[in-house]
Amino acid sequence: MKVAVVYHGDFGRDGFSVLKDRIRPSYESLIESGIVDGVDVQVFGPKPAPLELVERAHTPQHMDNMLQDPYREVAILSAGSVLLAAELVATGAAESAFAYTGTAGHHASRGSCWGFCYFNDVAITILRLREMGLSRFLIIDVDPHFGDGTRDFFGRDPDVFHINFHTGSEIKHDPLMNNYDMGIGFDADDQKFLKELASILELAKDFDFQLCFVIFGHDSHRDDYGGFNLTEKVYPKMTRMILEAIQDKGLVFVLSGGSNVQVAKEAIPGVISMLAGRRSP
Ligand SMILES: [Zn+2]
């Protein structure tokens, strides 16, 4: 199979208030597009991430703080979605995957969280992948908000190459720890974003890794709530550039920020269609 789409109806029903309204319409738009053919592109339903894995990623105090949180359950199911997507790719069942979520993950550190995030879905998933024998990962965070939680987990991990796009104005490299902060400015347009993506992918090519995560926030669209000034045309182009750069390595898209229904209806099928190799931007 080319693409595994991991989706659960609870994401649109119980997901974080700002994020949830886009879930169902974008999924319906994906189904209507005909991309999901049950052969090359298939849909899977996630289970909640195992609690022992979540507990291993986060501090006991953070786990305690989350106990009464109304989004706790959907956040654990969101982590389960990323986990299933990555397992399908890591085992070779799928070439790539797109994980829907009801909460985001990249602002969840080991001991705290903010910004619609509760548990760090990618960090939890990497724990499992390392048990499966994978060790080195490329993380490309294109959500316009700084992925501080992911940096808390992997900032000092030389086996994780972390590309972190954000709205600041400074591009900063820490090659020793493989941390690349891509402050491309609040008003960055398609051209600027793709240019900087191309240049950082050039560097990432030299890093030996087994699986790539893309933390995909379409809050980067000019009509959505985050930073950047991107159009819907940029997402398939971005996906193609990433596919070309990582060649035959596994690829997992993780849905992050974004609330604009119209944007999600274009952006998500646009990415999945490119993953399925069926559209040229
Ligand atoms: Zn964001």
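1. Ground rules. Residues are counted from 1 along each chain, following the sequence as written. Since the model is predicted, local features need pLDDT of at least 70 and side-chain atom pairs count only at pLDDT 80 or more, while totals for chains, interfaces and linings use all residues.

2. The overall picture. The protein has eleven helices and nine strands (DSSP runs numbered from the N terminus: H or I of at least four residues for helices, E of at least two for strands). Its C-alpha trace spans about 45 × 45 × 35 Å along the principal axes. With 281 residues, a compact globule would have a radius of gyration near 19 Å, and the 17 Å of this protein agrees with that (the radius is taken over C-alpha atoms, and the rule is 2.2 Å times the number of residues to the power 0.38).

3. The sheet. Nine strands make an open, mixed sheet, ordered β2-β1-β3-β9-β8-β4-β5-β7-β6 (two strands pair if DSSP finds at least two bridges between them). At the edges sit β2 (41-44) and β6 (171-174), each pairing on one side only. From one strand to the next the twist averages 15 degrees.

4. A pair to look at inside the sheet. β3 (residues 96-99) and β9 (residues 250-255) run parallel and are joined by four bridges. Find Ser96, and you'll see Leu251 of β9 opposite.

5. Helices on the sheet. α7 (residues 121-131) lies across β4 (137-141), β8 (211-216) and β9, at about 165 degrees to β8 (angles run from 0 to 180 degrees between N-to-C directions, with axes fitted to C-alpha atoms, for helices over the stretch in contact). α11 also packs on the sheet, touching β1 (3-6), β2, β3, β8 and β9, and its direction makes about 165 degrees with that of β3.

6. α9 against α10. The axes of α9 (residues 190-204) and α10 come within 10 Å and cross at roughly 10 degrees, so the two helices are roughly parallel (under 35 degrees; over 145 is roughly antiparallel, 65 to 115 roughly perpendicular, the rest oblique). Residues in this contact include Phe193 and Leu197 of α9 and Met238 and Ile242 of α10 (C-beta atoms, placed from the backbone, within 7 Å).

7. α10 against α11. Here α10 (residues 234-246) and α11 (residues 261-275) pack at about 30 degrees with axes 8 Å apart, and are therefore roughly parallel too. Tyr235, Pro236, Thr239 and Arg240 of α10 meet α11 residues including Ala267 and Gly270.

Note on methods
Two residues are in contact if their C-beta atoms, placed from the backbone, lie within 7 Å.
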